[in-house]
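Here's a quick briefing to read alongside the model. Have the sequence and the 3D view open as you go.

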Amino acid sequence: MGGGKTKGRGKSKKKPSPEQILASRYIHDWVFREDRDSTPPASTAEDFLPPPRPPCSAGHRPVFEFHCHSKRSDGFLSPLSVVQKAHKRGVKVLALTDHDTMAGIPEAMEAANKLGILIIPGVEISSLYSTEAGTEELVHILAYYGGCGPAKHEELNNLLASIRTGRVLRAKDMLAKLNKLKLPLNWEHIVKIAGEGVAPGRLHVARAMVQAGHVENLKQAFNKYLHDGGPAYAKGSEPSAEAVVQLIANTGGVAALAHPWALKNPAAVIRSLEAAGLHAMEVYRSDGKVDGFGELADLHSLIKLGGSDFHGRGGNDESELGSVNLPLVSIYRFLKLARPIWCNASKSILQSFAEEPSSQRLEKLTMFGRPDKLKQSPSIGGGCCCCGQVVDLCLSSWLMKEEGAEAEFDAIRLKLSQTVISDGEIQLPIATH
């Protein structure tokens with residue numbers, strides 16, 4: 001009677017483990033740190049208002065999106081629209097990972113600053129894995145960088161430019177094969193679909209095929225003609241997957257294997273890339289499937305990540321931004337690994353600027369992580385300021401206070417204390433003898 005427990009009531013929620021509590025606090029402090037834009041710039045009528053900062057608890061998890069695309073490669077939305085859509089979906093940290101280009105990052109950064117989202121500058125790099133039997137397989141490697149972007153930026157830029165050039169030649173080769181199959185396409189049409197400055201890829205060719213009436217939809221274009229080894233398939237000029245992983249590490253990035261479930265022999269690829277310095281791999285998917293890839297990641301001590309691979313196509317066959325439910329511990333392990341790498345890259349970039357200050361180097365320094373404060377500063381826009389202030393503004397948009405206070409950064413500030421920016425131009429101190 002009175003003392004009995006009602007069935008189904010009084011169920012207590014499973015308490016978070018100490019590691020989950022630690023992970024939650026660590027992630028929350030990094031995403032919502034006090035020293036980063038606590039008062040966002042005024043929004044226009046067209047802007048979304050940033051949501052209020054949530055309380056820190058083990059149950060609250062900021063939404064991370066580690067894999068998405070814009071019109072700057074083969075996506076359907078502009079970087080601005082991707083960020084706005086991510087904001088509507090509750091995403092707090094977004095990695096824009098266009099294929100073989102980082103051209104969309106500045107636009108994404110500008111939009112994200114207004115909406116209270118943190119952008120991880122990223123790129124998905126096309127590469128080839130060669131087997132002992134002499135066959136090749138296309139492998140995509142995700143690279144994640146800190147707010148100042150890649151160190152040795154020219155090395156990465158040259159690699160990406162070479163891949164994009166090969167992509168153009170590859171698309172033309174596909175057209176030639178389609179013409180032989182009596183499926184003619186116009187090159188100018190494909191360039192128009194791709195958009196200005198975008199190297200056409202398979203998806204752009206597929207869209208042209210649909211618009212020309214050669215196939216009913218994109219799926220049919222790939223399944224019948226454009227799939228690997230298909231009648232209209234063509235190779236590009238991709239570098240080796242191992243070389244790409246090494247370059248990402250050498251330029252201050254975190255390297256992750258994208259969608260390993262699409263590979264013919266994932267175990268061999270992962271084993272080879274882990275030896276080359278791979279940090280992480282995609283495991284988690286929006287459909288909840290892991291299919292043994294978690295075990296492969298554990299076997300090679302790789303951080304387990306995942307992302308929607310959003311392109312903005314619409315329809316039921318595409319995952320939405322922020323739809324992959326990443327465990328807190330995975331995000332925590334990623335940030336624990338990434339933060340020192342990004343901090344060291346920032347030091348390298350800033351030290352290069354301090355050794356040889358110039359307006360051109362300043363533009364590169366601020367192209368990825370330029371906070372709104374930097375753009376709106378009257379001293380930079382029309383007056384005069386110390387380059388040390390620029391360093392502080394760049395660091396405050398990305399690093400935690402304790403990271404920005406390291407001795408190496410103090411030495412950089414001191415070196416730049418007599419160098420000023422006047423009306424956007426660098427003025428070096430007058431040497432005294």
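Let's start with a helix pair: the axes of helix α6 (residues 202-211) and helix α7 (residues 218-226) come within 9 Å and cross at roughly 110°. Axes here are lines fitted to C-alpha atoms, for helices over the stretch in contact, and angles run from 0 to 180 degrees between N-to-C directions. Keep in mind that this is a predicted model, where local features need pLDDT of at least 70, side-chain atom pairs count only at pLDDT 80 or more, and totals for chains, interfaces and linings use all residues. Residues are numbered from 1 along each chain as its sequence is written, and side-chain values use heavy atoms, with hydrogens and water left out.

**The α6/α7 pair**

- α6 and α7 are therefore roughly perpendicular to each other (angles under 35 degrees count as roughly parallel, over 145 as roughly antiparallel, 65 to 115 as roughly perpendicular and the rest as oblique).
- On the α6 side, the contact (heavy atoms within 4.5 Å) is made by Arg202, Leu203, Val205, Ala206, Arg207, Met209 and Val210, while α7 brings Leu218, Ala221, Phe222, Tyr225 and Leu226.
- By class, that contact has 10 nonpolar, no polar and 2 charged residues (Ala, Val, Leu, Ile, Met, Phe, Trp, Tyr, Cys and Pro count as nonpolar, Asp, Glu, Lys and Arg as charged, and the others, Gly among them, as polar).

**The whole chain**

- The chain has 17 helices and 10 strands, taken as DSSP runs numbered from the N terminus (helices are H or I with at least four residues, strands E with at least two).
- Of its 433 residues, 51% count as buried (under 20% relative accessible area, with exposed over 50% and partly exposed in between, using a 1.4 Å probe and protein chains only).
- Among contacts between residues at least 6 apart in sequence, 71% join residues at least 24 apart.

**The sheet**

- Seven strands, in the order β1-β2-β3-β4-β5-β6-β7, form an open sheet with mixed pairing (two strands pair if DSSP finds at least two bridges between them).
- β1 (63-68) and β7 (303-305) stand at the edges with a single partner strand each, so one side of each has no neighbour in the sheet.
- On average, neighbouring strands of this sheet are turned by 30° against each other, direction ignored.
- β1 pairs with β2 (residues 91-96) in the parallel sense over 4 bridges, and Phe64 has Val93 in β2 as its bridge partner.
- β2 and β3 also pair in the parallel sense, over 4 bridges, with Pro121 in β3 as the bridge partner of Leu96.
- β3 and β4 run antiparallel and are joined by 9 bridges; here Val123 stands opposite Ala143 in β4.
- The hairpin of β3 and β4 has 5 residues between the strands, and Gly134 takes a positive phi near 95° there.
- As for cover, 12 of the 13 residues of β3 are buried.

**Helices lying across the sheet**

- Helix α2 (residues 79-88) lies across β1, β2 and β3 (118-130), running at about 150° to β2.
- Helix α9 (residues 266-276) lies across β3, β4 (136-144), β5 (254-257) and β6 (280-282), at about 50° to β4.
- Which residues of α9 are buried? They are Pro266, Ala268, Val269, Ile270, Leu273 and Ala276, and what covers them includes β3, β4, α8 (241-250), β5, β6 and α10 (293-299).
- Gly277 follows α9 and has a positive phi, near 115°.
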